[in-house]
Amino acid sequence: MPFEPLTHDPVVDPGQAREVARDVVVLPNLGAGLVPNIGFIGGEHSVLVVDTGLGPRNAEKVLAFAAEQARGRELYLTTTHFHPEHAFGAQVFADHATYLVNRAQAADLVHKGPSYLEMFRGLGAPVARNLEGVELVAPDVVYDKGYDLDLGGRVVRLEATGRAHSKGDQVVTVPDAGVLFTGDLIEAGQFSIFPWFPPYDTDVSGSRWIEVLARLAAAGPDIVVPGHGDVSGRRILTDVREYLELLRDETWKRRDSALPEETIAAEVEARMIGRHPEWEGRDWIAKGVGCFCAEHSGHEAASAGEAAEGPSA
Ligand SMILES: [Zn+2]
């Protein structure tokens, strides 16, 4: 099981909305598990919603809030990646918004959406309840690398980053306000989420993730809206990259020893917790070690990955 079962309902709370820049509003997750930060970016004639919350009931609240914000403006929806709490509410927007995503994310949803739905239904009754009635819907618009969305007096940049936290990660930039929505490429106050579930899902790449964060930092945004956790300044892009680099280095330092992977993971975990004692999500450290162990020797990792993908496809 990838996560500890949740004992609370993963509920989006529109009462906590906060404007982080002019006409850029965030519904913060306030530390609640399986609740993402959700964004609303307004222009003169349109509003873009970023991420849906987990399941249709959360998405209905997000849509109602969006309609209130929009006051008649046209609605668009995008999702940062296909993971359930970010994208499994898109069906609710079907008759109300144009749904755009990058091609790799659309493919992730087709290939892995159904198995993630099953996996998440096993994460306890509150999660299963919120996933009742989920239908995975195809986006209305699919782009390859980047897409400039004109909201009226404000152009928002949608960009596929390439494989990192997932194969289909996408970031959303509001250039005039210096705001960057990262999805799960960044989490504030918690260890980076490595969805490393061999043999079912081995798409996460720690090495590429590090490269993506270096590129995002170079663009110098002022405000970073992470997938989960507090809205932050640009420094968090460096903090998370440095964490991933340390995780990689500590893993690779031990990789050729005769130690079993569990021992390596336990040692690295202790080191990372020592560095970030206040961060949550400690279970993700060992998943990250697993990912970096597989990445250290490209050849073996690639063939192991292929063998693993065969039967589950
Ligand atoms: Zn995710």
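In the predicted model, Pro139 is buried, its relative accessible area being 18%. This proline belongs to the loop that runs between α4 (125–130) and β7 (141–143). When residues up to four places away in sequence are set aside, Pro139 touches Tyr99, Val101 and Ala106.

The metal site was examined next. For reference, the ideal angle for four tetrahedral donors at a metal is 109.5 degrees.

His83 and His165 are both buried.

Strand β11 (179–187) contains Leu180. With a relative accessible area of 4%, Leu180 is buried. Apart from residues up to four places away in sequence, Leu180 touches Val171, Val172, Thr173, Leu216, Pro221, Ile223, Val224, Val225 and Leu237. Leu180 and Arg271 are 91 residues apart along the chain, and 30 Å separates their C-alpha atoms.

The packing of two helices was also described. Two packed helices are characterised by the angle between their axes and the distance between the axes. Helix α5 (residues 206–218) packs against helix α8 (residues 283–295) at an angle of about 100°, and their axes are 9 Å apart. Angles of 65 to 115 degrees count as roughly perpendicular, and α5 and α8 are therefore roughly perpendicular to each other. On the α5 side, Gly206, Ser207 and Ile210 make the contact, while α8 contributes Cys291, Phe292 and Glu295. Sorted by class, the residues in the contact of α5 with α8 are three nonpolar, two polar and one charged.

Helix α8 also holds Gly288. This glycine is buried, with a relative accessible area of 0%. Once neighbours within four places in sequence are left aside, Gly288 is in contact with Phe194 and Leu247. Gly288 and Val204 lie 84 residues apart in sequence, and their C-alpha atoms are 9.1 Å apart in space.

Several details of the backbone were noted as well. Most residues other than glycine have a negative phi, and most peptide bonds are trans. The peptide bond from Pro198 to Pro199, however, is cis, with omega near 5°. Pro199 is located in the loop between β11 and α5. Two aspartates have a positive phi, as follows. In Asp23, a residue other than glycine, phi is near 55°; Asp23 sits in the loop between β1 (18–21) and β2 (24–27). Asp51 is likewise not a glycine, yet its phi is positive at about 80°. The loop between β4 (46–50) and α1 (55–70) is where Asp51 is found. A residue under 20% relative accessible area is classed as buried, and Asp51, at 1% relative accessibility, counts as buried.

Note on methods:
Residues are numbered from 1 along each chain as its sequence is written. This is a predicted model: local features need pLDDT of at least 70, side-chain atom pairs count only at pLDDT 80 or more; totals for chains, interfaces and linings use all residues. Side-chain values use heavy atoms; hydrogens and water are left out. Buried means under 20% relative accessible area, exposed over 50%, partly exposed in between (1.4 Å probe, protein chains only). Axes are lines fitted to C-alpha atoms, for helices over the stretch in contact, and angles run from 0 to 180 degrees between N-to-C directions. Helices (H or I, at least four residues) and strands (E, at least two) are DSSP runs, numbered from the N terminus. Angles under 35 degrees count as roughly parallel, over 145 as roughly antiparallel, 65 to 115 as roughly perpendicular and the rest as oblique. Contact means heavy atoms within 4.5 Å. Ala, Val, Leu, Ile, Met, Phe, Trp, Tyr, Cys and Pro count as nonpolar, Asp, Glu, Lys and Arg as charged, and the others, Gly among them, as polar.
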